[in-house]
Amino acid sequence: MTDPDRPTRSRAAATEQGSRRDRSRPPAPEPLPHPVVDNHCHLDIADGPDGAWVEVDAALAASAAVNVPRIVQIGCDLEGARWAVAAAERYDALVAGVALHPNEAPRLAAAGRLDEALDEIERLAGAHADVRAVGETGLDFLRTGPEGVDAQRESFARHIAIAKRLDKTLVIHDRDAHAAVLDVLDAEGAPDRWVMHCFSGDAAFARACLDRGAHLSFAGTVTFKNAEPLREALAVTPQDRVLVETDAPYLTPVPYRGRPNASYLVPLTMRVMAEVRGEDLGELCAAVDASTERAFGGSWGRTSG
Ligand SMILES: [Zn+2]
Ligand SMILES: [Zn+2]
């Protein structure tokens with residue numbers, strides 16, 4: 001069985017840009033006035049400069065201390081998906097999403113293993129009630145070139161079918177592929193519940209997704225200086241469709257860009273979101289928390305107090 005006491009991989013090699021860069025963990029921000037869920041996190045990816053890894057217990061304690069007591073753990077390949085299922089079984093605070101990431105699908109297709117891998121994803125998605133989501137799936141035209149597009153589309157369509165068969169929430173990854181993502185969704189038919197993770201479009205694209213029933217999940221990118229169109233998208237999204245995420249260990253919010261991200265940094269993003277929307281922070285947190293439960297098919301892991 002997969003062991004959630006060990007990471008599945010490290011991001012250090014891929015993101016290290018010279019050893020002088022400050023890669024230390026940012027300090028904890030002021031706690032939120034009301035709990036929210038980090039609805040997209042990769043706890044299995046070690047984020048430290050030397051592959052250092054924060055154990056799940058420590059990560060959950062740090063995030064709970066700032067009022068981020070619950071997390072959706074996303075597994076991006078077969079090993080990560082097995083890890084996510086095992087972690088969700090073990091920790092009340094976690095539920096899981098399982099999928100083959102859009103950048104993973106072309107590799108598996110080239111090796112002739114996409115079909116069997118999708119079968120295993122479907123098995124894992126149905127393995128436990130705490131697997132709430134099929135994702136992240138979708139399209140990534142930034143990291144995968146034209147040669148991988150067919151495999152990405154096929155994998156995305158197959159994940160949509162799995163989500164519908166098993167009544168799971170579909171979590172979509174969209175990198176530089178807005179129109180193509182909607183094309184596939186329209187052709188296959190969106191499931192009842194779907195989330196555009198790390199939403200990266202403008203207000204018009206937000207409306208196109210909302211019209212199709214989406215919840216839009218905003219990450220640390222919404223705090224970035226050059227993200228004005230994204231903030232406009234956030235501003236037009238109804239309160240009951242807004243979610244927040246880290247996508248940790250990636251996409252660390254301002255002022256800690258480039259350092260390791262984790263769920264305990266969600267308050268930095270939530271504060272900017274409340275400011276952009278001109279809403280009370282506590283009220284927005286309560287709305288995001290309720291929306292997250294609706295988006296992921298009901299409550300889980302609420303502890304007293
Ligand atoms: Zn993603
Ligand atoms: Zn992700």
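Mentor: Met-270, Arg-271, Met-273, Ala-274 and Arg-277 of helix H10 meet Leu-281, Leu-284, Cys-285 and Val-288 of helix H11, where contact means heavy atoms within 4.5 Å. Helices (H or I, at least four residues) and strands (E, at least two) are DSSP runs, numbered from the N terminus. The model is predicted: local features need pLDDT of at least 70, side-chain atom pairs count only at pLDDT 80 or more, and totals for chains, interfaces and linings use all residues. Residues are numbered from 1 along each chain as its sequence is written, and side-chain values use heavy atoms, leaving out hydrogens and water.

Trainee: At what angle do the axes of H10 and H11 cross?

Mentor: Axes are lines fitted to C-alpha atoms, for helices over the stretch in contact, and angles run from 0 to 180 degrees between N-to-C directions. The axes of H10 (residues 266-277) and H11 (residues 281-295) cross at roughly 110° and come within 9 Å. H10 is therefore roughly perpendicular to H11; angles of 65 to 115 degrees count as such, under 35 as roughly parallel, over 145 as roughly antiparallel and the rest as oblique.

Trainee: How are H3 and H5 placed, roughly parallel or roughly perpendicular?

Mentor: The axes of H3 (residues 78-90) and H5 (residues 114-125) cross at roughly 5° and come within 11 Å, so the two helices are roughly parallel. Leu-78, Ala-81, Arg-82 and Val-85 of H3 make the contact with Ala-117, Glu-120, Ile-121 and Leu-124 of H5.

Trainee: Which residue takes a positive phi just after H6?

Mentor: That residue is Asp-167, with a phi of about 55°.

Terms used:
Chains lettered and ligands numbered in written order.
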